[in-house]
Protein chains: 2
Amino acid sequence: MADRIVEPQELSRSCNELLVMAAIARGAGHGYQLALDVEERSDGAFRFNHGTLYPILHRLEERGLVAGAWSDDSSGGRRRKSYALTRKGEKHLVTERKAWGEFFNRFWPMVEVGR
Amino acid sequence: MADRIVEPQELSRSCNELLVMAAIARGAGHGYQLALDVEERSDGAFRFNHGTLYPILHRLEERGLVAGAWSDDSSGGRRRKSYALTRKGEKHLVTERKAWGEFFNRFWPMVEVGR
DNA sequence: CCTTATTATGTCGATGATCGATATAAAGAG
DNA sequence: CTCTTTATATCGATCATCGACATAATAAGG
């Protein structure tokens, strides 16, 4: 596979999508819980507005990277949509994380100070 | 100074602005040259559309981070606007690069695979 | 000379993602 | 019985990037 590098213009989108996918990979379950998980695990460094989170989940589902399933509440529970990574999503997570490494290895020396 | 971290939503803008400011710090001069410098130094990894580059320069100037000066062409040369970092800009470059380090230190373990 | 490519800066409409507000609704707390 | 929390979703405003278009001067080639 050719070395992909995250392009500057997709940094924000890619960052958010990776945070979401990694949380799902850890078994975070549904959207709301996922947001709490990310916030807690990052000590508040990363937070999701729900107006941002849900569109991201829908996007990932549309692209076949995650699979969502509504809880069939025979138990009468709150309506929830639980997410899991697809195989495509698992691969994407790995390659996209690598692309972030490539990006940073390029970017960091470019903005070095004092030379 | 409190530890600033680059927020996910400003990654793209901040990345581009830092690339531009670092190029100016290296003495890149005017916009067009600056774009070539970044492209060459990054082996083509980072490129600027000029429809993106000039607005960035104008933004940085408006914020007082860079100072632009038109070449008064008594020599009859092409019209160029040369840029230099202000003291504010120099500080910004340092702190913003640090904020990128903070971001990455937080982000990288969050998207770790296989745990 | 004349035409074309390169240097150089700029604006503009379309696109797309985030933000904050608003909406809905069920469950738990007091 | 009311208020907060859990849970999902949409919508308009905002903002940056993208690619196209515009302008103009100089260098290169025939």
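The surface near DNA strand C divides into five nonpolar, 13 polar and six charged residues, where Ala, Val, Leu, Ile, Met, Phe, Trp, Tyr, Cys and Pro count as nonpolar, Asp, Glu, Lys and Arg as charged, and the others, Gly among them, as polar. The structure is a predicted model, in which local features need pLDDT of at least 70, side-chain atom pairs count only at pLDDT 80 or more, and totals for chains, interfaces and linings use all residues. Residues are numbered from 1 along each chain as its sequence is written, while chains are lettered from A and ligands numbered from 1 in the order in which they are written.

Of the 24 residues around DNA strand C, those that come nearest are A:Gly51, B:His30, B:Gly31, B:Tyr32 and B:Gly51; a residue is near a molecule or strand if its C-beta atom, placed from the backbone, lies within 6 Å of it. Two or more residues of this surface are given by each of α1 and α3 of chain A and by each of α2 (31-41) and α3 of chain B. Helices (H or I, at least four residues) and strands (E, at least two) are DSSP runs, numbered from the N terminus. The element that gives the most to the surface near DNA strand C is α3(A), with five residues.

The largest share of the surface near DNA strand D, five residues, is supplied by α3(B). By class, this surface has five nonpolar, 13 polar and six charged residues.

Chain A contains four helices and two strands, which follow the pattern α-α-α-β-β-α along the sequence. Taken along the principal axes, the C-alpha atoms of chain A fill a box of roughly 65 × 35 × 20 Å.

Chain A can be laid on chain B with an RMSD of 0.0 Å by a turn of 180° and a shift of 0.0 Å along the axis, the copies being superposed by least squares on the C-alpha atoms of residues with pLDDT of at least 70 in both. That is the relation of a two-fold axis. The same surface serves both copies, as 100% of the contact residues of chain A recur in chain B.

The contact between the chains takes 23 residues from chain A and 23 residues from chain B, two residues being in contact if their C-beta atoms, placed from the backbone, lie within 7 Å. On the side of chain A that touches chain B, α1 and α4 of chain A each supply at least two residues. That side of chain A has 16 nonpolar, four polar and three charged residues.

Two packed helices are described by the angle between their axes and the distance between the axes. The axes of α1(A) and α1(B) come within 7 Å and cross at roughly 135°; axes are lines fitted to C-alpha atoms, for helices over the stretch in contact, and angles run from 0 to 180 degrees between N-to-C directions. That makes α1(A) oblique to α1(B), since angles under 35 degrees count as roughly parallel, over 145 as roughly antiparallel, 65 to 115 as roughly perpendicular and the rest as oblique. In this pair, A:Leu11, A:Ser12 and A:Cys15 of α1(A) meet B:Leu11, B:Ser12 and B:Cys15 of α1(B). The contact of α1(A) with α1(B) has four nonpolar, two polar and no charged residues.

Within chain A, the axes of helix α1 (residues 11-25) and helix α4 (residues 87-110) come within 10 Å and cross at roughly 130°. That makes α1(A) oblique to α4(A). Their crossing is left-handed, meaning that the near helix is turned anticlockwise from the far one by less than a right angle, with clockwise defining right-handed. The contact is made by A:Ser14, A:Leu18, A:Met21, A:Ala22 and A:Ala25 of α1(A) and by A:Gly89, A:Leu93, A:Glu96 and A:Arg97 of α4(A). These comprise five nonpolar, two polar and two charged residues.

Within chain B, α1(B) and helix α4 (residues 87-110) pack at an angle of about 130°, with their axes 10 Å apart. The crossing of α1(B) and α4(B) is left-handed.
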